[in-house]
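Here is a briefing on one protein chain.

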Amino acid sequence: MTLEIALTLGILVAALVLFVTDWLRMDLVALLVLSSLALLGLVSPAEAVSGFSNPAVITVWAMFIISEGLTRTGIAEQIGRQVTRVAGRSELRMITIFMLVAGVMSAFMNNIGVAALLLPVAMEVARRGGVAPSRVLMPLAYGTLVGGMMTLIGTPPNLLVSNALRESRGEGFGFFDFAWIGVPVLLTVTAFMALVGRHMLTRTDTTQSSASQHELRTLYGLQERIVALRVPDDALLSGRTLADSALASAAGLMVIALTRDNRTEALPSGKTMLRGGDVLLAQGRLDRFELLRRWSSLSIEREAPMLHERLWAQTALAELVLAEDSPLVGQPLRHLEFREQHAANVLALRHSGSVHRTHLAEQRLAAGDRLLVQCSNEALEALHKVPGFEAVALVSEDERRKVWRLDERLFVLRVPQDSTMAGSTLGENRIGDAFDFRLLGVFRGGALRDAAASEDVVEAGDLLLVQGREEDLDVLRGLQQMEILEDATPYLRVFDEGQLEMVEATLHPHVRIDGKTVAGLELGERYQVAVAAVWRNGMALRSGVGALTLQRGDALLVVGPRERLAALGTDEDLIVLNPIQVQPVDVSKAPLAGGLMALTIGTVLAGWLHISIAAVASATLMVLTRCLSMEQAYRAIDWRSIFLIAGMLPLGIAMHSSGAAEFLAGGVIAVLGPYGPWPVIAGLYACTALATLIMPNAALVLLMAPIALSAAADLGISPIAPVMAIAIAAAASFASPVAHPANVLVMGPGGYRFVDYVKLGLPLTLLVFAVAMLLLPVVWPL
């Protein structure tokens, strides 16, 4: 093994580790590979950036635009309508039609786009037919995968292997060369799914899968969490805004509607002023609301400065500086977790030169931020040993008063003899969590306890030393005055009368969700709608929805007025599963878009233009003829895929020029070569199929194609069959939800688990392998 081979394989292994662990984005990994190869001299500067001008890369981004043009002009939607008409109520017919239609469409359009387009159609057809969506959605996703096998433009791996073959022997694959294997595979997989595979899919309660408003509320468990609250005529909250009432921020209740003088306002804004007699229809956990109301029985001790001084004398005040590698960096401050882990209260935060003493949970921490904490001397010693803090320094009395100004927000609360809090634990009462209060200590029997634990019991007569705002206690007393109505049913007419409706939506595969929360989607600000619940791993999450970190496969239950939910369907980041009917798409340019697609295929088949030139020309004409705008064209391109392919292409060049591909091919031949060339091809297929579980298929093809070409050269056979086997194996990404974005897309709406993909994907992978190995010797003999 030469040094060049060792370096190339080292970069390959490092890239694989980064792809598997997901420590870095895959497009960033590709750019690191590109940079490393160039810096080590394994490729020339021109070769390092050659991926960005590679014909396959150009064709891929041009096809993204063409596919979007076909969608924008309504061609794809018209196909979906025809599917709806002929699918009927038969589960077998639904699976068959959706797989075949998705397969044919994916042969000419981006398969992720096809899955996103047909997903709402499949949901609606399944619901109308009384079939669980889980029985239809996975076959739909698999149909898009095998459909991509049928043409040169069906999927990026097909273009990449054709490009590799052209560079090796001067001629690549023709437009329909893939169809010799792709069409039989599509028909075989469809037959298997319709006759056998559908019985291996999960089955959910079809009545719960209905899209009616009542059944959606039942499915997500909202009915049991809806309560009607009446504001008394003399309420402390009268004259305050809905936001100031803290129903959402502290009690965790989402106000769905406000009824006043027999008129109902759906999803009132936070600026809405409350009045006596208002009835609020709210959704959330009533037990949390009741716990907060216990605080209203507490009274403020006006003369307690001596307790403050005893607190500061008995405890330590320290300033912590966050290090670059602290796990807290980039995260919101979670006070209770910090207290449990470090036995310290965070009292204030200095961020970007500003001191924050309230709403600390809304601040995302950054390196260099300074946290002011209160703790015991023993806890302070432990903080010195925590690696996430650059410095731990004591705060002087002067700094406490003038810099941090803590004394302005300290007060003492007395627990009365008849308080409902007496006998409960501190944790049960959410002390230190409500209204951004911080419990700094408990004064009981003449002694100050500065390290009260969550399991400690509150006793009558206790004095609670609290950091916060005194005016929040008035809000708590206002919550105590609110009357909980026994029957909320009369106020649910806001749903039945159509003032409020609900839709399910899932995230588009192209959306970046790294660390983003539900609130980070800003649906309330942009569309004046609210997310009432999140469906994840077969469960409905209804508490603290806004703070939930999004995951791939999540389904969101969105509540809002009909016209606002209709506008939600235009959001580029969401796929609405049961969309509100809106103005139909203008199909006047559909013949033009279809003609341009046909022109692209015709010029390539006739040999007049290379596929990359034909695709770019058609994409340009689609923009010029206003089938879509230039902004829509830019958004249609999955730039992560483009950078991934362009960044990994130089690795294929390095593997060929350094001899690494020949080295690896020699290992494969040494093991399987004695059995003949077809076992070698089968081995390459198997390696590629296994690798789809951990690697993007485009990057995988770029690594495997040079190995297949080298193996063919060593065996003295035509490279067509080995390279075609690589393309088919890469496209058959069935056995994992993360193997392809189309699989992730249907995971939430279908309620699938990881094991569901393995259970059905492995037999399908073996089936496609068998079909491919039977047909390859017939179509492309060695």
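Of the 782 residues in the protein chain, 55% count as buried. The model is predicted. The protein chain holds 30 helices and 20 strands.

**Overall fold**
- The C-alpha trace of the protein chain spans about 95 × 65 × 50 Å along its principal axes.
- The accessible surface of the protein chain is about 32500 Å². Carbon and sulfur atoms account for 57% of that surface.
- Take the contacts between residues at least 6 apart in sequence: 79% of them join residues at least 24 apart.

**Nonpolar cores**
- In soluble globular proteins, nonpolar side chains tend to be buried together.
- The largest nonpolar core here has 154 residues. Tyr142, Met193 and Met648 touch the most other members.
- Helix 27 (residues 697–715) gives the most to this core, contributing 13 residues.
- A second, separate core has 33 residues, among them Leu229, Met421, Leu473 and Leu479.
- Which residues does Met193 touch, leaving out those up to four places away in sequence? They are Ile95, Met99, Pro139, Tyr142, Arg198, Leu201, Leu760 and Leu764.

**Helix 6 with helix 8**
- Two packed helices are described by the angle between their axes and the distance between the axes.
- Helix 6 (residues 91–106) packs on helix 8 (residues 137–147) at about 35°. Their axes lie 7 Å apart.
- The crossing of helix 6 and helix 8 is right-handed.
- Helix 6 supplies Ile95, Phe98, Met99, Ala102, Gly103 and Ser106 to the contact. Helix 8 supplies Pro139, Leu140, Tyr142, Gly143, Thr144 and Gly147.
- By class, the contact of helix 6 with helix 8 has seven nonpolar, five polar and no charged residues.
- Met193 also ties in here: its contacts include Ile95 and Met99, which helix 6 brings to the pair, and Pro139 and Tyr142, which come from helix 8.

**Helix 4 with helix 22**
- Helix 4 (residues 55–72) and helix 22 (residues 611–624) pack at an angle of about 35°. Their axes are 8 Å apart.
- Helix 4 passes helix 22 in a left-handed crossing.
- On the helix 4 side, the contact residues are Pro55, Ile58, Thr59, Trp61, Ala62, Met63, Ile65, Ile66, Gly69 and Leu70.
- On the helix 22 side, they are Ile611, Ser612, Ala615, Val616, Ser618, Ala619 and Met622.
- The contact of helix 4 with helix 22 counts 13 nonpolar residues, four polar ones and no charged ones.

Key: Residues are numbered from 1 along each chain as its sequence is written. This is a predicted model: local features need pLDDT of at least 70, side-chain atom pairs count only at pLDDT 80 or more; totals for chains, interfaces and linings use all residues. Side-chain values use heavy atoms; hydrogens and water are left out. Axes are lines fitted to C-alpha atoms, for helices over the stretch in contact, and angles run from 0 to 180 degrees between N-to-C directions. Helices (H or I, at least four residues) and strands (E, at least two) are DSSP runs, numbered from the N terminus. A crossing is left-handed if the near helix is turned anticlockwise from the far one by less than a right angle, and right-handed if clockwise. Contact means heavy atoms within 4.5 Å. Ala, Val, Leu, Ile, Met, Phe, Trp, Tyr, Cys and Pro count as nonpolar, Asp, Glu, Lys and Arg as charged, and the others, Gly among them, as polar. Buried means under 20% relative accessible area, exposed over 50%, partly exposed in between (1.4 Å probe, protein chains only). Accessible areas come from the Shrake-Rupley method with a 1.4 Å probe; for residues, only the protein chains shown count as cover. A nonpolar core is a set of buried Ala, Val, Leu, Ile, Met, Phe, Trp, Tyr and Cys residues joined through side-chain atoms within 4.5 Å.
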